[in-house]
Amino acid sequence: MAEISALQARVAQQILRHALANSFPASGHITELWAQNLCGTSRAPVRGALKHLNQLGVMRFDKNRGYTLLKDDAALQDALQSLNSVDNEAVYQKIAQERMAGELPDVISETELMSRFGLTRSRLRRVLDRIAQEGWIERRAGNGWLFLPLIDSARAYAESFEIREALEPAGLRSEFFQPEPMVLHRLLERQLAILKGHKNTSEVFEANAELHEQLARMSNNRFLIQIIAHHNHLRRLIEYKVSVDTERATRMCREHIEFLNLLIDGKVERAATSLAFHLHDARQAKLALLAST
């Protein structure tokens, strides 16, 4: 089986998580364009991810129809688990936890990291490449790696929300904003699925992060897309520590459904106002949780 890159592994994981969360039936049809819209990435990593899923036996490729989902949920879970090991998820999470706890210095060498986490250089670099893509570490010009600021405190979290409150509603109001009905309906279906049965923290975060990134993408503002994607990467490290209770998660989900329905109905200005309210509401709730931890 051909080796898969860390980016391709994450795209494949996102496809499988979506299939599991939305109860895709066997023989579900998947195109490259659908996967690009889901993951918000270019064709190359999507193509590599789908090819790998084909090799794992959970998809079949047909020249005229594209890819078809073959297996049941248990088989998809097994494939997802195999991708977790490819993506070195446990190592990634350990580095994130130690950095957020202040146990890793601002500047560190590969040799120190290899020794600390018991990794080969090639495996470490796969993890560091992922972290660099997410924007919280960079290679130094001379030697070693430099950790960049994280959303690791109440102040940093408030600053992140301040940026999002200013930019995300503005993206909907942009002259370049172009709603995509198929994507909006898919996002709505995913929120309705969460509303019917509260998922685990990881699933809820991934669904909500996808929603905000897809809305940013519809703004057709390359800088906004980059900023929201970057903030989602940084938020992921702290969100699992400040997960809300079922009542609050349901309320957030209903707010998502509200502005998605407004966008589907073409009421963009009202949707932007609803989104601004949602972000302000989420900011207050999450900061209150941080204060109590």
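Author: A residue counts as buried here when its relative accessible area is under 20%, and as exposed when that value is over 50%. The model is a predicted one. Asp281 illustrates the cut-off: its relative accessibility is 13%, so it counts as buried, and its place is in helix H13, which covers residues 268–292. The side chain of Asp281 is joined to that of Arg251 by a polar contact of 2.7 Å, and, leaving aside residues up to four places away in sequence, Asp281 touches Arg248, Arg251 and Glu255.

With that cut-off in hand, the part to look at closely is helix H7 and what follows it. Helix H7 runs over residues 121–134, and its 14 residues reach 20 Å from the first C-alpha to the last, close to the 20 Å expected at 1.5 Å a residue. Its buried residues are Leu124, Val127, Leu128, Arg130, Ile131 and Glu134. Seen down the axis of H7, these buried residues fall within an arc of 155°, so they line one face of the helix.

Just after H7, Gly135 takes a positive phi of about 90°. Next comes Trp136, in the loop between H7 and strand S5 (137–139), and with 0% relative accessibility it counts as buried. The rings of Trp136 and Phe147 have centres 6.2 Å apart and planes at 20°, so this pair is stacked. That pair links distant parts of the chain, since Phe147 lies in strand S6 (residues 145–147), 11 residues from Trp136. Phe147, at 4% relative accessibility, also counts as buried.

On the count of aromatic pairs, the total comes to four. Among them is the pair of Tyr92 and Trp136, whose ring centres are 5.9 Å apart and whose planes stand at 70°, so the pair is edge-to-face. Tyr92, Trp136 and Phe147 together form one aromatic cluster.

Notes: Residues are numbered from 1 along each chain as its sequence is written. This is a predicted model: local features need pLDDT of at least 70, side-chain atom pairs count only at pLDDT 80 or more; totals for chains, interfaces and linings use all residues. Side-chain values use heavy atoms; hydrogens and water are left out. Helices (H or I, at least four residues) and strands (E, at least two) are DSSP runs, numbered from the N terminus. The expected span of a helix is 1.5 Å times one less than its number of residues. Buried means under 20% relative accessible area, exposed over 50%, partly exposed in between (1.4 Å probe, protein chains only). The arc is that of the directions from the helix axis to the C-beta atoms. Rings of Phe, Tyr and Trp (its six-membered ring) pair if their centres lie within 6.5 Å; planes under 30 degrees apart count as stacked, over 60 as edge-to-face and the rest as tilted. A polar contact is a pair of N or O atoms within 3.5 Å; within protein, one must be able to donate a hydrogen and the other to accept it, and residues adjacent in sequence count only if both atoms are side-chain atoms. Contact means heavy atoms within 4.5 Å.
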